Amino acid sequence: DTIKPTIILVFGATGDLAKRKLFPAFYNLYLDGRMPENFEIIALGRKKSSDALYRSHVSENLTEFSRNKITSKKEFEQFASHISYLQNDIDKEESYLLMKQKLDAIDSAFGARANRLFYLSIAPSFIETISNNIKKLDLAANPDQDRIIIEKPFGYDKSSAELLNKLLARTFEEEQIYRIDHYLGKETVQNILAFRFGNSMFEPLWNRNFIDSVQITVAEEVGVEDRGGFYEGAGALRDMIQNHLMQILTMVAMEAPTSLQADEVRNRKADVLKAIRRITPEEVNHYTVRGQYDKASVNGKTIPGYLQEKGVDAKSTTETFVAMKFYLDNWRWQGVPFYVRTGKRMKEKQSSIVIQFKPVPHSTFSFGKEGMMPNRLIINIQPAMDIRLQFMTKKQGLSLSLKPAEMVFDYFSCSTQATEAYETLLLDALQGDPTLFMRSDQVEEAWDVVTSIQDAWENDKFSSLHKYEAGSWGPEAANELLARQGHSWASNT
Ligand code: BG6
């Protein structure tokens, strides 16, 4: 489909996200011929710069971060000719007047009012000012043409998210607002729906009658890096569980949508969020485990603990690890535990979903040394990108004993390069398809789930914060959470 002429305005264009993700995504879409025929990108930043200087930064950043590197200078220059830099002071009205002049000038060069895509890659505290100024100057007055993309964190808790939704609603219609969760753009996450609803043989088993438990892990090997200041006010529950992990959970648990129409898919996801059983403050230690990484020596190298990181309070109780158990109160999932965990400085980078099926009702065979393994379906999201079905087979030989075996679908056997999540999501936003973006009710519902946990932890600052060694799979308490019901984390090998 051809996309209408579009002007993309990137607030925070000198920041990290623009550097690592946004401009590489624009460039790769451009190389793939997926950018609109007529487009302009206005990079907005506080610093003084020029078009030429900004373009040369883009070139350097592409060399470092883009999956396709620059192979032809001419091709890059053609791409870069669409990019301009505009110095912008978020608080000053003049900045928006200059922006308006620039937008009008581009429209007249295009010979038509172009679509406008505002990308807010800035701290949430600036959203209100930007949104009010956009309204004041009528910069996004056409709901069919103008859109705004908001990065996470979307609020800090339930009430701040509600407030943010309210103030955005003063300027934008809901269908203009694209709340991004980049996990939804990941190839392997999108494939969950394809796998579930594009096949007939898994769905009949996809319920409490056959599934024993579900595990979702998003483990990172890195620490907080240079984001200590930001992370102190966030923690793993807000930074990862409220958004990425809950979104994955909705894809695993949702009912089949009748169409891929944006609101149909989002309604089905919202149903899951509504069905999540809320955890009361009294129950919080039973259902959740929070941890913080401690310094450790790994392969002779000392890794600093969270408390030694730059920008972190030496007495901080911010969690860098969360493991928890959710239940969904609906017909499909009643009684099935959903174990969810995420952490920084874990043993390895690994994101996966494990669907564990119920054990056989009666054990006829003798099992080898490995013992009986439950049937599992493992969906690896990253860095491995594959789907594994684990089952028991006969061990070769004269006796009838069994051993575990596995069938594997590997993405890299079909294609060598996966598109990046931001490419998918930016293209959707350019095309006006909000399916993979979060609606206001979804964000509020997700915050509702985590806010009571956050409150309970804040009232009981130290007692349940478990230290874990950097480079491990997290605190022992996270294993105990599963062991209570005879389960164990599938990936702790
Ligand atoms: C971000 C979090 O949303 O996701 C980061 O703020 C985290 O703390 C990142 O590191 C993980 O994303 P990915 O795509 O590298 O798994």
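These legends walk through several close-up views of a predicted model.

**View 1. Strand β12 sits among the rest of the structure.** Strand β12 covers residues 338–343, and six of its six residues are buried, so the strand is largely enclosed by the rest of the structure. Look at how the residues of β12 take sides: Phe338, Val340 and Thr342 point one way, while Tyr339, Arg341 and Gly343 point the other way. Residues on both sides are buried.

**View 2. Strand β12 has paired strands to explore.** Strand β7, residues 211–219, pairs with β12 in the parallel sense over six bridges. A handy landmark is Phe321, which stands opposite Gly343 in β12.

View 3. Arg341 lies over the face of Trp489, at 4.1 Å from the ring centre. Arg341 is also one of the buried residues of β12. For another charge over a ring, turn to Lys186: its charged end sits over the ring of Tyr183, 4.5 Å from the ring's centre.

**View 4. Strand β15 is mostly covered.** How many of the residues of strand β15 (residues 376–382) are buried? Seven of its seven residues are. Strand β13, residues 350–357, pairs with β15 in the antiparallel sense over six bridges, and within this pairing Ser352 stands opposite Asn380 in β15.

**View 5. Strands β15 and β16 make a hairpin.** Three residues lie between β15 and β16 in this hairpin. Strand β16 spans residues 386–394 and runs antiparallel to β15, with five bridges joining them. As a point to search for, Arg376 stands opposite Gln390 in β16.

**View 6. Aromatic rings come together in pairs.** A pair of aromatic rings is described by the distance of the centres and the angle of the planes. The model has 18 aromatic pairs. One of them joins Tyr178 and Phe437 in an edge-to-face arrangement, 4.9 Å centre to centre with 70° between the planes. This pair links distant parts of the chain, 259 residues apart: Tyr178 is in strand β6 (residues 177–179), and Phe437 is in the loop between α12 (421–431) and α13 (440–459). Both Tyr178 and Phe437 are buried.

**View 7. Tyr231 and Tyr306 form another edge-to-face pair.** The centres of these two rings are 6.0 Å apart, and the angle between the planes is 65°. Tyr231 is buried, with a relative accessible area of 1%, and Tyr306 is buried with a value of 0%.

**View 8. Five aromatic residues gather in one cluster.** Its members are Tyr27, Tyr30, Phe39, Phe76 and Phe79.

**View 9. One cavity opens up inside the model.** The count comes to one cavity of 30 Å³ or more. About 70 Å³ of space lies in the largest cavity. Among the residues that line the largest cavity are Ile150, Phe154, Arg179, Asp181, Gln242, Asn243 and Met438. By class, its lining has five nonpolar, two polar and four charged residues.

Conventions: Residues are numbered from 1 along each chain as its sequence is written. This is a predicted model: local features need pLDDT of at least 70, side-chain atom pairs count only at pLDDT 80 or more; totals for chains, interfaces and linings use all residues. Side-chain values use heavy atoms; hydrogens and water are left out. On a 1 Å grid over the protein atoms alone, a cavity is a set of points where a 1.4 Å probe fits but cannot get out, and a pocket is an open set with protein on both sides within 12 Å along at least five of seven lines; lining residues have an atom within 4 Å of a point. Grid points are joined across faces, edges and corners, and a volume is the space filled by probe spheres set on the points. Ala, Val, Leu, Ile, Met, Phe, Trp, Tyr, Cys and Pro count as nonpolar, Asp, Glu, Lys and Arg as charged, and the others, Gly among them, as polar. Buried means under 20% relative accessible area, exposed over 50%, partly exposed in between (1.4 Å probe, protein chains only). Helices (H or I, at least four residues) and strands (E, at least two) are DSSP runs, numbered from the N terminus. Two strands pair if DSSP finds at least two bridges between them. Rings of Phe, Tyr and Trp (its six-membered ring) pair if their centres lie within 6.5 Å; planes under 30 degrees apart count as stacked, over 60 as edge-to-face and the rest as tilted. A charge sits over a ring if NZ of Lys or CZ of Arg is within 6 Å of the ring centre and within 35 degrees of the ring normal.
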